[in-house]
Amino acid sequence: MASQLLQPFTSQEVFVAAKSLGKDVCPGKDGIGIGFYLHYWDFIGSLITRAVNLIFSTGNMPEEWTEGIIYMIPKSDAQCDEVSKWRPITLLNVVYKIVAKTIAVRLRPVLPSIIHGTQCGFLQDRSIFDNIFLFWEMVALAQQHKQQLAVLLLDFEKAYDKVDWDFLEAVLSRLGFPAAWIKGVSSLYRHASSSVLFVGEYGTLFPISRSVRQGCSLAPFSLYLVWGTLSLLG
């Protein structure tokens, strides 16, 4: 698996990843949408493919690619007089999303063998309905045998925002991922920055010190790896 992960990315592989993003994907700070990349792929596809492979060989991504825009949207129509009533979303540059999607597509076949079967969402050949069916089977079994059943529902507050990069890299290393792969994944997060968009004006860029970013195709998989490790510790 390690040797498969480290195979050079091909132009076709990167193009398939870019096309799978969908036509309605939001552009980031540079304002360049996915349509531009797909329309001119014959001219820029080889450049982006070379950039993806270079990122993995050096572990560095251009900082302009990792700049995000934080935009606040209300969680409901009620009066939003507290920060907790707003949901921040980060708009990422499409070229960043292409790189992340390419990595995610390469990683997806490996994940079922290292992520526990109870984690179902976003994984190949698994469905989020599996755990729902399992829950009702447990309820039925408890009722049949007249046993008491306790159900614990845990909700991670701002789970994406609280992922520690050092911990994530340590998990990847412990699972046996090659150092070059870890370096390539880390390039998506290290040296990342964001600015807040407020009333049509961009705030000052500030560095990001943790989190996996919503809108990044690799974020759910990274979060699963962290969750899985924490559940074992628990």
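Predicted model: local features only at pLDDT ≥ 70, side-chain atom pairs only at ≥ 80, totals over all residues.

Q: Why is Phe43 called exposed?
A: The relative accessible area of Phe43 is 62%. Exposed means over 50%, so Phe43 is exposed.

Q: Why is Tyr40 called partly exposed?
A: Tyr40 has a relative accessible area of 38%. Buried requires under 20% and exposed over 50%, with partly exposed in between; Tyr40 is therefore partly exposed.

Q: What makes the aromatic pair of Tyr40 and Phe43 tilted?
A: The planes of Tyr40 and Phe43 stand at 50°. Planes under 30 degrees apart count as stacked and over 60 as edge-to-face, the rest being tilted, so this pair is tilted. The centre to centre value is 6.5 Å. Tyr40 and Phe43 also belong to one aromatic cluster with Phe36 and Tyr37.

Q: Why is the pair of Trp165 and Tyr189 called stacked?
A: The ring centres of Trp165 and Tyr189 are 6.3 Å apart and the planes are at 20°. Pairing requires centres within 6.5 Å, and stacking requires planes under 30 degrees apart, so the pair is stacked. Both Trp165 and Tyr189 are buried.

Q: Which parts does the pair of Trp165 and Tyr189 tie together?
A: Trp165 lies in helix 7, whereas Tyr189 lies in the loop between helix 8 and strand 3. The pair therefore ties together parts that are 24 residues apart in sequence.

Q: Over which ring does the charged end of Arg106 sit?
A: The charged end of Arg106 sits over the ring of Phe9, 4.1 Å from its centre.

Definitions and conventions. Residues numbered from 1 in each chain as written. Heavy atoms only, no water. Phe/Tyr/Trp six-rings, centres within 6.5 Å; stacked < 30°, edge-to-face > 60°. Buried < 20%, exposed > 50% of the residue type's maximum accessible area, 1.4 Å probe, protein only. Helix = DSSP H or I, 4+ residues; strand = E, 2+ residues; numbered from the N terminus. Lys NZ or Arg CZ within 6 Å of the ring centre and 35° of its normal.
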